Amino acid sequence: MSNPVFENSPYFGERRQQRATTPNGYPAHPGYSPQGGTTYQQPPIADPYQAQQLERAYQQPAAGPAQTGRMTYDDVIIKTGGLLALVVAMGALNWFVLGANPLATYGGLAIGLVLGLVNAFKREPSPALIAVYAAAEGLFLGGISMVFETIYPGIVLQAVLATGATFVATLLLFSSGAVRVTPKLTRFVLIALVGYALFSLVNLGIMLFGSGDSAFGLRSSVEVMGIPLGVIVGVFAVGLAAVCLIMDFDAIKRGVENGVPARFAWSAAFGLIVTLVWLYLEFLRLLAILRGGD
């Protein structure tokens, strides 16, 4: 016997009715009468109260994305703001409390790289892993920023202002429709990212294993027409990061329009944080190269 609560509920089951039969015990067809002939049932009388309820339901406003569990711009803004606050808080911890502790700084760098790859390739977003990534990046940024600030006073504020200004400028350009993400632009960015990654790996190898004493490898030791290579590459990298921000905005817009589940707001926030961290580091390095003669 099934649960009587569900069995008698109009939502989970139907009330049992005794089946009509003929005098010989056979099931009676609809409209059968033992006295002969066919009977017809009257159509059900409409319930005015149910009609009023149905009318009120039709008059209600349509459910928005928040009510249907879809991602909204507010979701992305709130989660991005929370992750950014976590980055700043952990950065302040490593700067003002730990004093740019090498273990915290390089440990944050390693954890951030690993979790950045993990979160980038996960099919479902993990808020916990994304938050740990933001905390690790904060530790790294706090340590490296203190080192740069010690050598070049005021450089951190300049990099922060440049990053914020670039973010606002790209957002305004995208929202106004002045720039659009096209398949040709996407292919160009992909090729540029691969090329820049290869250059960065080569430059890192020269910095670690080369005989030169340049702090930035090829960026500061090589000049093109009197301009340090690092300035040219740095300007290119900043522009590339800005274009990636525009592509992030476009991806978020398409996600909201297509009604993706609300949990993917974490993925959108993670993507924005990754690009903003990269943009800040590029500005920090570019400004340091420009001020190398100070």
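Glu124 and Arg263 are joined by a salt bridge, with 2.6 Å between the closest N and O atoms. Glu124 sits in the loop between α4 (102-121) and α5, while Arg263 belongs to the loop between α9 (229-257) and α10, so this pair ties together parts that are 139 residues apart in sequence. Glu124 has a relative accessible area of 39% and is therefore partly exposed. Arg263 is likewise partly exposed, at 43% relative accessibility. The model in which this contact is found is a predicted one.

The secondary structure consists of 10 helices and two strands. Starting at the N terminus, the order of the elements is α-α-α-α-α-α-α-α-β-β-α-α. The chain has 294 residues, and 31% of them count as buried.

The salt bridges come next. The count for the structure is three. Besides the link between Glu124 and Arg263, there is a salt bridge between the side chains of Asp250 and Arg254, at 3.0 Å from N to O. Asp250 has a relative accessibility of 15%, and because buried means under 20%, Asp250 counts as buried. Arg254, at 44% relative accessibility, is partly exposed. Another salt bridge joins Arg285 to Glu282, whose closest N and O atoms are 3.0 Å apart. Here both partners lie in helix α10, three residues apart, again about one turn of the helix. Glu282 is buried, with a relative accessibility of 2%, whereas Arg285 is partly exposed at 25%.

Aromatic side chains provide further contacts. A pair of aromatic rings is described by the distance of the centres and the angle of the planes. Across the whole structure, six aromatic pairs are found. In one of them, the ring centres of Phe148 and Phe216 are 6.4 Å apart and the planes stand at 45°, so the pair is tilted. Phe148 is part of helix α5 (residues 127-151), and Phe216 is in the loop between α7 (183-209) and α8 (218-221), so the pair ties together parts that are 68 residues apart in sequence. Phe148 and Phe216 are both buried. Tyr196 and Trp278 make a tilted pair too, with 6.3 Å from centre to centre and 40° between the planes. Since Tyr196 lies in helix α7 and Trp278 in helix α10 (residues 265-290), this pair ties together parts that are 82 residues apart in sequence. Tyr196 is buried, its relative accessible area being 9%.

Attention now turns to a pocket. The second largest pocket has a volume of about 840 Å³. Its lining is made up of 32 residues, and those nearest its centre are Leu84, Val88, Thr163, Ile273 and Leu276. At least two lining residues come from each of α3, α5, α6 (155-176), α9 and α10. Helix α3 contributes the most to this lining, with 12 residues.

Helix α3, which spans residues 73-97, also holds Phe96. Together with Leu93, Val97 and Leu98, Phe96 forms a nonpolar patch on the surface, with about 410 Å² of accessible area in total. The relative accessibility of Phe96 is 66%, so this residue counts as exposed.

Ala100, in the loop between α3 and α4, has a phi near 55°, which is a positive value in a residue other than glycine. Ala100 is buried, with a relative accessible area of 17%. Met225 is not a glycine either, and has a positive phi of about 55°. The place of Met225 is the loop between β1 (223-224) and β2 (227-228). In contrast to the buried Ala100, Met225 counts as exposed, at 83% relative accessibility.

Key
Residues are numbered from 1 along each chain as its sequence is written. This is a predicted model: local features need pLDDT of at least 70, side-chain atom pairs count only at pLDDT 80 or more; totals for chains, interfaces and linings use all residues. Side-chain values use heavy atoms; hydrogens and water are left out. Rings of Phe, Tyr and Trp (its six-membered ring) pair if their centres lie within 6.5 Å; planes under 30 degrees apart count as stacked, over 60 as edge-to-face and the rest as tilted. Helices (H or I, at least four residues) and strands (E, at least two) are DSSP runs, numbered from the N terminus. Buried means under 20% relative accessible area, exposed over 50%, partly exposed in between (1.4 Å probe, protein chains only). Patches are made of residues with over 30% relative accessible area and no salt bridge: like charges are joined within 9 Å, nonpolar side chains (Val, Leu, Ile, Met, Phe, Trp, Tyr) within 5 Å. Accessible areas come from the Shrake-Rupley method with a 1.4 Å probe; for residues, only the protein chains shown count as cover. A salt bridge is a side-chain nitrogen of Lys or Arg within 4 Å of a carboxyl oxygen of Asp or Glu. On a 1 Å grid over the protein atoms alone, a cavity is a set of points where a 1.4 Å probe fits but cannot get out, and a pocket is an open set with protein on both sides within 12 Å along at least five of seven lines; lining residues have an atom within 4 Å of a point. Grid points are joined across faces, edges and corners, and a volume is the space filled by probe spheres set on the points.
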